[in-house]
Amino acid sequence: MKKYLNLFQNAPVAIAMLDAKTLRLDSANPAMLQLWRREKSVLGRKLTDFLPEIAEQPYHELIYNVIRTGRSYSETGAKFYTNHNGRTETIFVDYSYTPILGKDSKVVSILVVGMDVSERELSRQYMQESDRNLRAMVMSAPVAMAVFSGFDFQLQSVNEKMLDLWSKTSRMGLRELQHVYHNGISFTSEYDQICYSYTPLRDIKGNTTGVVMIGNRKE
């Protein structure tokens with residue numbers, strides 16, 4: 001039994017056990033207390049007593065639904081609000097509620113498992129916003145421009161000026177795209193009186209995610 005308790009306490013994910021009748025917090029590992037921004041003293045208290053803000057969010061009703069139906073529930077990238085030191089903090093979580101059945105097949109406890117994925121979700125939102133802004137810039141750019149994403153260089157957006165250049169030449173610059181993507185440095189080349197520049201696109205961590213290609217025909 002001690003072995004399993006150690007696994008519970010040292011698990012890399014947040015784990016807690018709630019009593020199905022009262023939603024009393026029977027156990028919670030340090031990761032869950034950190035996720036909730038609460039101290040160990042909340043053990044033995046009702047969920048809404050030590051985490052009152054949860055009553056204003058869907059999670060409270062979702063737990064009761066798991067108790068009523070006996071069916072597990074999970075969600076990824078969910079937004080969770082917690083009040084900590086007088087401030088409201090937003091956290092994004094992957095979580096699950098799993099019913100624990102007693103001898104009479106009734107739900108006696110709820111196993112709560114969660115993980116803070118705020119960095120992942122904020123990065124995703126950042127990239128989505130960046131993509132929207134970049135697409136708008138490409139379409140309104142006064143020069144020929146195209147954006148390729150990923151290591152396989154999927155064409156994400158391209159304006160009419162670049163399509164016009166491509167209609168007059170078969171040059172796509174695949175080797176240049178590969179060079180810029182894998183080395184993370186800008187590059188310029190000239191072909192058939194057209195100057196092409198290739199610039200790496202980066203995510204919030206600085207990793208290369210694509211390449212911006214600009215073409216300019218020399219007069």
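Biologist: Is tryptophan 166 buried or exposed?

Modeller: This is a predicted model, and the values are computed from it. Tryptophan 166 has a relative accessibility of 14%. The cut-off for a buried residue is under 20%, so tryptophan 166 counts as buried.

Biologist: Phenylalanine 148 and tryptophan 166 have their planes at 50 degrees; what is such a pair called?

Modeller: A pair of aromatic rings is described by the distance of the centres and the angle of the planes. For phenylalanine 148 and tryptophan 166 the centres are 6.3 Å apart. Planes under 30 degrees apart count as stacked and over 60 as edge-to-face.

Biologist: What kind of aromatic pair do phenylalanine 153 and tyrosine 181 form?

Modeller: Their ring centres are 5.7 Å apart, with 85 degrees between the planes. Both residues are buried, phenylalanine 153 at 11% relative accessibility and tyrosine 181 at 16%. Phenylalanine 153 sits in the loop between β6 and β7, and tyrosine 181 in helix α7, 28 residues apart. The pair is edge-to-face.

Biologist: How many aromatic pairs does a search of the whole structure find?

Modeller: Rings pair if their centres lie within 6.5 Å. One aromatic cluster is formed by Tyr59, Tyr73, Phe80, Tyr95 and Tyr97. For the whole structure, the number of aromatic pairs is seven.

Biologist: Why do the buried residues of α7 lie on the same side of that helix?

Modeller: Helix α7 spans residues 174–183, and its buried residues are Glu176, Leu177, Val180 and Tyr181. They are on the same side because the arc they cover around the axis is only 125 degrees.

Biologist: Which exposed residues are on the face of α7 turned away from its buried side?

Modeller: The buried side has a cover that includes β6, β8, β9 and β10. On the face turned away from that side, the exposed residues are Arg175 and His182.

Biologist: Where is leucine 23, with its positive phi?

Modeller: Phi of leucine 23 is near 60 degrees, although the residue is not a glycine. Leucine 23 is buried, at 2% relative accessible area. Its place is the loop between β1 and β2.

Biologist: Is serine 105 buried or exposed?

Modeller: Serine 105 also has a positive phi, of about 65 degrees. This serine lies in the loop between β4 and β5. Exposed means over 50% relative accessible area, and at 54% serine 105 is exposed.

Biologist: Which residues lie nearest the centre of the largest cavity?

Modeller: The structure holds one cavity of 30 Å³ or more, and the volume of the largest cavity is about 150 Å³. Two or more lining residues come from each of α2, α4, β4 and β5. The lining divides into 13 nonpolar residues, one polar and no charged. Of its 14 residues, those nearest the centre are Leu35, Trp36, Tyr95, Tyr97 and Val112.

Biologist: Which element gives the largest share of the lining of the largest pocket?

Modeller: The largest pocket holds about 160 Å³ of space. Its lining has five nonpolar, four polar and two charged residues. Elements giving two or more residues are α5, β6 and β9. The largest share, five residues, is from α5.

Biologist: How far apart in space are isoleucine 204 and methionine 127?

Modeller: Isoleucine 204 is in the loop between β9 and β10, and it touches Ser123 and Tyr126, leaving aside residues up to four places away in sequence. Methionine 127 is among the residues that line the largest pocket. In sequence, isoleucine 204 and methionine 127 are 77 residues apart. In space, C-alpha to C-alpha, the distance is 7.8 Å.

Key: Residues are numbered from 1 along each chain as its sequence is written. This is a predicted model: local features need pLDDT of at least 70, side-chain atom pairs count only at pLDDT 80 or more; totals for chains, interfaces and linings use all residues. Side-chain values use heavy atoms; hydrogens and water are left out. Buried means under 20% relative accessible area, exposed over 50%, partly exposed in between (1.4 Å probe, protein chains only). Helices (H or I, at least four residues) and strands (E, at least two) are DSSP runs, numbered from the N terminus. The arc is that of the directions from the helix axis to the C-beta atoms. Contact means heavy atoms within 4.5 Å. On a 1 Å grid over the protein atoms alone, a cavity is a set of points where a 1.4 Å probe fits but cannot get out, and a pocket is an open set with protein on both sides within 12 Å along at least five of seven lines; lining residues have an atom within 4 Å of a point. Grid points are joined across faces, edges and corners, and a volume is the space filled by probe spheres set on the points. Ala, Val, Leu, Ile, Met, Phe, Trp, Tyr, Cys and Pro count as nonpolar, Asp, Glu, Lys and Arg as charged, and the others, Gly among them, as polar. Rings of Phe, Tyr and Trp (its six-membered ring) pair if their centres lie within 6.5 Å; planes under 30 degrees apart count as stacked, over 60 as edge-to-face and the rest as tilted.
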